[in-house]
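Biologist: I'm new to this one. Could you show me the structure and walk me through it?

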Amino acid sequence: MELDKRGYRILKWTTRIFATAIIIFGLPFYFGYGNPLPFINPEYSIWDNTWLTIFPLMFIGLGLGWKWPKIGGLLITIPILIGFIIGVNIREGIAVHMFVPFIIGILYIILGYSKVRQR
């Protein structure tokens, strides 16, 4: 994909702003869960343990995407996609709120693979 310089800059900063907002909004929820380490508490279901494993990877990917958008995007989208698949398989459903970081991950991947057209 080829974007002009202005479009690339707008997409890059929009993605970065949303990624920062997700980190700022999501980290308190992650740490407010009680014990955010997966597989420590025997009362946690496979659903809880799956998302407790995915969240740190997602937060790291949101941060890494600032410097390396390909790596950040893959580190966001692949774990969330796995979480969606596990949720459907164990009949818990899809965590709809995770579509927002998933879209940010896709935008990071688009940024990573797009070329900037010079005018």
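**A first look at the fold**

Modeller: The chain has four helices and two strands; helices (H or I, at least four residues) and strands (E, at least two) are DSSP runs, numbered from the N terminus. This is a predicted model, in which local features need pLDDT of at least 70 and side-chain atom pairs count only at pLDDT 80 or more, while totals for chains, interfaces and linings use all residues. Residues are numbered from 1 along each chain as its sequence is written, and side-chain values use heavy atoms, with hydrogens and water left out.

Biologist: In what order do the elements of the chain run from the N terminus on?

Modeller: The C-alpha atoms fill a box of roughly 60 × 30 × 20 Å along the principal axes. Within it, the elements follow one another from the N terminus as β-α-α-α-α-β.

Biologist: What share of the residues in the chain is buried?

Modeller: Buried means under 20% relative accessible area, exposed over 50%, and partly exposed in between (1.4 Å probe, protein chains only). The chain has 119 residues, and the buried part of them comes to 36%.

Biologist: Where in α1 does the kink lie?

Modeller: Helix α1 covers residues 5–31, and its 27 residues reach 39 Å from first C-alpha to last, close to the 39 Å expected at 1.5 Å a residue. That expected span is 1.5 Å times one less than the number of residues. The bend at a residue is the angle between axes fitted to the seven residues ending there and the seven starting there. A kink of about 25° comes shortly before the proline P28, at F25.

Biologist: Which elements do the buried residues of α1 pack against?

Modeller: The buried residues of α1 include Y8, L11, T15 and A19. An α-helix has 3.6 residues a turn, so residues three or four places apart point the same way. Contact means heavy atoms within 4.5 Å. The partners of the buried α1 residues are β1 (2–4), α2 (46–64), α4 and β2 (115–117).

Biologist: And which elements do the buried residues of α2 pack against?

Modeller: Helix α2 has 19 residues, and among its buried ones are W51, F55, M58 and L62. These buried residues of α2 pack against α1, α3 and α4.

Biologist: What is the relative accessible area of G105?

Modeller: G105 sits in helix α4. Apart from its neighbours within four places in sequence, G105 is in contact with G73, I76 and T77. G105 is buried, with a relative accessible area of 0%.

Biologist: Which residues form the nonpolar patch on the surface?

Modeller: Patches are made of residues with over 30% relative accessible area and no salt bridge, with like charges joined within 9 Å and nonpolar side chains (Val, Leu, Ile, Met, Phe, Trp, Tyr) within 5 Å. One member, V96, lies in the loop between α3 (69–89) and α4 (99–113) and counts as exposed because its relative accessibility is 60%. With about 440 Å² of accessible area together, the patch residues are V88, I94, V96, F99 and I103.

Definitions and conventions
Accessible areas come from the Shrake-Rupley method with a 1.4 Å probe; for residues, only the protein chains shown count as cover. A salt bridge is a side-chain nitrogen of Lys or Arg within 4 Å of a carboxyl oxygen of Asp or Glu.
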